[in-house]
Structures are given as structure tokens and as C-alpha cells.
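These are my notes from a first reading of one chain. I set down what I looked up, entry by entry.

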Amino acid sequence: MQPASPPSRATVAPARKRRGAPRPLIHKIMIWIFGPLFLLWTVGIVITYFIAQHIANSPYDRTLRDHLDLLRVEISRQDLNQPIELSHGAQTILRQESPTPTLWQIRDANGAPLAGNAHLPVPDSWSYDTDLLRYRDVVLDDQSLRLAYVWGGKDKNNTPFLAVAAETNEHRAVLHREILIGMLTPQFILVPLAAMLAGLGLTHGLEPLNLLQARLRARAPGDLSPVDQEQAPAEIVPLIDAMNGLLAQQAQFSATQRQFVANAAHQLKTPLAGIRTQAELALRERDPQQTEASLQQLVRGTERATRLVTQMLALARAESSDALYAPTKQSLDLNTLTELHVGQRVPDALSLGLDLGLENHPKAILLQADPVLLDELINNLLDNALIYTPAGGWITLRTGQAAGKGWLEIEDNGPGIPAEHQSRIFDRFYRIMGNQADGSGLGLAIVREIADIHGASIDFMPLTGGQPSGLRLRVSFPLSLPWRA
């Protein structure tokens, strides 16, 4: 016997989809409205039943009490030691000749029957409190009876007795049923009708959501304009505001990406064209020296293109909201990072004829930051200084801590940045005209983006030592405040 084959993916997937399907909002609203409504309706029916029973019993209990009082008056005029006979008027009142007469019984202090219907059940125990009336439902000969009894009557010889009166519950049941029909019939009509009208009202009330859904579905894939909220109910205006905020962020992100792609294509065009030109020249040259020169230019062009691509990827990583590049907050020592990066860049500085120094704060500066992004920030600060500082110059990297902030500072004696350009120097691909340095205009843009992510500020600081030119840039990080993830 072969084992049954497992169900295919095509068979399992629809079932999983059905189990995970979201429940419509109107279903949830109806459950929370009509569930309590029908629960209260059921409770109301039970309460109505007992109220109707009380209303049906009250007049008959009063009549039964009057009959019991009549019996006590009749017996009080007679001698319990003699045969007891009711007067004609009492028999008429008790309807002795009717199909449903009032049954009665008289018992002495010992519970022995003296007169009346001896088959009436005697209470298991009765109160000896004088004139205290008791009611009780009993069954006699498969017939339901309402029993009333009272102790305290006395005959003309002052002998106490127990008087009992009973009648069938047939008339009470009829009245009880009629009262129930009269009270419940409107409920059975009005409650379902109210539920139906409430359902129609809910359906009509949720129509704006359906219209909003239709408008959103009819939008073009690239339409990121705000959703009109003039026709929306006040309850969903906050939802539309949140959607519009998300659409605005997405539109800004898309515009940034389009601009980035356009700039990247423009910036890559020049080094790639140069690389191609140098490669063609190397292929045509027969002079080994000219070929070598073209190959050297080809290598330098490749390095520039590589650096540009690396910077663009770093900028994309810094500004991307995708989970692949989501920043992770870790506790980092700023002194340790600067020591590591300066040690790695000393050979580059020596090859350019520059003096690269480090002045760290004596105590550890702990930041809550993303290690990858902070590495990019320090690398771009150092790259920028190494590119623009002329040979024979110097570069100093410093760290410090003050007023609840830890700061990273870089200073050089290069050409610096004129005041009129300081507001735009952090824009992408922005370069000062007339500068012959081999830069791309992305380094400080990356620094600004990473600083914004960490809630840091960037400030131009006065030069130290009264030097005539140079740049001193400080990035200040909050030590304990939250940062944008």
C-alpha cells in the first residue's frame, strides 16, 4: 500500500490565502453592533417572561387571598368541633359549581384536616406567624395548582386553625401567554427591522471608503499627487493625511532617485569617455613610451571612475530607506574610529607629500551610530582633505566632547571654501569654479547625508593659529539623543 502523496502547492496555496484573508471592516462593525444587540434582546426576552408571569399572577393571587379571607371569616363563626358548612354566598363566591372551583381546606393546629378538600397537599412546614400569607405552586392529579395558606384564624371558641385555598393555573397560563405575545410581538418585528436599517446605514456610511478605494485603484502607477480629502468623512481625514504624507515622502524619494540617476549618468560620461579615448590611443600608438603614457592615463581615469562609483553607492546607501541599507544603531568609540582611519591613510598622505596628524580627546567618546555609515563619513572627510590640500601642506583630525555632544573635526591649510560657497558646498556634484583638484563634488554631500541620519550638525569653525587659508569643519554628534533610522 503506497502512502498518500502530499498535497501540491496549487492545492495548499488557495486554502492558506483564504485563511489569511482580511475581514471586511463592515463585518467587524456589524459583529460588535449586532452581537451585543441580540444578546441584550435575548436577555430582554427572559426578563419579559418573568415580568409577564408576575403580571399574570398578581390579579389571581389577590383573588386567591380574598377567598382565603372569606374562608377565615366563615370559619370564625363556626365551631371546629362541629361539621363545617359554608354559607350559600361563600359557595357562590368560591364557584363551587363551576368547572374550575376554588379548592379549600381547614386544618387544626396538629395538621389534621377538618373540612374541605382533604387531598390538597399540606406544606412540609408552615409558618406559625399570625396572618402571614404564603403562596406555593403544587401539582395535584397531574394538574398545576396555586396554593395560598395562612395561620392564625380562630373559630368562635377561640380555637386556632390553618386555612388553605387553591386554584388551577390554567387561567394564569392563558393570561401569561397573552401578555408575552403582546409584549414580544413588537420586539420580534422592530428589532430585526432596526438591525436591517442599521446594516443599510452602515453600508451607506462606509460608501466614502469604497469611493476612496475606487479612486486609488484608478490612479496611474506613477501618480504620487496628494489624495483629495474634501469629500471624505472627518473620521478618515487623519488616514488620508497619513497617506498623503507617505505619498509626499515617496515623491521626494523618487525625485531624488531620478536626479541621482541623471547626475550619475552625466558624471560618469566624462571619465568613461576619457578611458575609451586613452584605450584607443594606446591601441594606435606604436611608440612604447606613448603607449605607456596612454595606459597610465587609462589607469588614472579608471581610478577616478571607480572612486566616483564608490561615492555614488555610498550616497545611495546613506539616503536609501530600503531594509537592505537600514542603519543599525551601535555604541561606537569615536577615538578608536579616527585612530583606525588615520592609520590607514598615512601612506596616502605621505605619497602626496602631506602631514596627516591626529589629536584625540583623552577620554572615550561613545556614540550611538551606524558603523558603516560613520566609516563613510570619516573616509570622505579625509578624501576631501587629501584631494584639495596642496603638496607640503598638513591635515589634522581631532575629536572632542562638550555640552552633551561628541565632535569630530578636520582642519587643513588648503585653499579653503569661500563664504559665498559654504551654503552650497554640500550639494551633490557642486564644485567651486576654477578649482583644478580631481574631485567629484560628492564627498561633502555624503557627509551631510550621514550627519542628518545621526542627528548631527556640521559647522565651519575659525582656523587655528591665525593661518591665512584652509578649512576647519566640525561634525557634532548627540551623545544620548535618538537619531533618524
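**Confidence**

I began with residues 321-325, where pLDDT stays under 50 and the model has three contacts beyond four places in sequence. This is a predicted model, and I wished to know first where to read with care. Residues 1-18 also stay under 50 in pLDDT, and the model has two contacts for them beyond four places in sequence. Where pLDDT is low, predicted coordinates should not be read in detail. I therefore make no detailed reading of such coordinates.

Confidence is lowest in helix 1 (residues 9-19), with a mean of 44, and highest in strand 7 (residues 355-359), with 93. Over the chain the mean pLDDT is 79, and 82% of the residues reach 70 or more.

**The chain as a whole**

I noted ten helices and twelve strands. The chain has 485 residues, of which 36% count as buried. Among contacts with a separation of 6 or more, 64% are between residues 24 or more positions apart.

**The largest nonpolar core**

I asked which residues of the largest nonpolar core touch the most other members. They are Leu374, Leu377, Leu381, Ile410 and Val475, out of 38 residues in this core. I next traced the elements that each supply at least two residues: helix 8 (334-351), strand 8 (366-369), helix 9 (371-388), strand 9 (394-402), strand 10 (405-412), helix 10 (443-453) and strand 12 (471-478). Helix 9 gives the most, with eight residues.

I took Ile410 as an example. Beyond four places in sequence, Ile410 touches Leu381, Leu382, Ala385, Ile395, Thr396, Leu397, Leu471, Arg472 and Leu473. Apart from this core I found another, of 18 residues, with Leu70, Leu80, Trp104 and Ala115 among them.

I followed an open sheet of five strands in the order 2-1-5-4-3, with antiparallel pairing. Which strands stand at the edges? They are strand 2 (113-116) and strand 3 (134-140). Each has a single partner strand, so one side of each is left without a neighbour in the sheet. On average, and ignoring direction, neighbouring strands of this sheet are turned by 25° against each other.

Within the sheet I examined strand 4 (residues 143-154) and strand 5 (residues 160-168), which run antiparallel and are joined by nine bridges. Opposite Trp151 I found Leu162 of strand 5.

**Arg172**

I located Arg172 in helix 4 (residues 170-205). Is Arg172 buried or exposed? Its relative accessibility is 3%; the cut-off for buried is under 20%, and Arg172 therefore counts as buried. I then looked for a polar partner: the side chain of Arg172 makes a polar contact with the side chain of Asp61, at 2.9 Å. Leaving aside neighbours within four places in sequence, I listed Ala56, Asn57, Tyr60, Asp61, Leu64, Arg146 and Glu167 as the residues in contact with Arg172.

**Thr277**

My last entry concerns Thr277, which I placed in helix 6 (residues 237-284). At 39% relative accessibility, Thr277 counts as partly exposed. I also looked up its separation from Ser294, which is 17 residues apart from Thr277 along the chain. The C-alpha atoms of Thr277 and Ser294 are separated by 9.0 Å.

Definitions and conventions:
Residues are numbered from 1 along each chain as its sequence is written. This is a predicted model: local features need pLDDT of at least 70, side-chain atom pairs count only at pLDDT 80 or more; totals for chains, interfaces and linings use all residues. Side-chain values use heavy atoms; hydrogens and water are left out. A nonpolar core is a set of buried Ala, Val, Leu, Ile, Met, Phe, Trp, Tyr and Cys residues joined through side-chain atoms within 4.5 Å. Buried means under 20% relative accessible area, exposed over 50%, partly exposed in between (1.4 Å probe, protein chains only). Helices (H or I, at least four residues) and strands (E, at least two) are DSSP runs, numbered from the N terminus. Contact means heavy atoms within 4.5 Å. Two strands pair if DSSP finds at least two bridges between them. Axes are lines fitted to C-alpha atoms, for helices over the stretch in contact, and angles run from 0 to 180 degrees between N-to-C directions. A polar contact is a pair of N or O atoms within 3.5 Å; within protein, one must be able to donate a hydrogen and the other to accept it, and residues adjacent in sequence count only if both atoms are side-chain atoms. pLDDT is the predictor's confidence in each residue, from 0 to 100.
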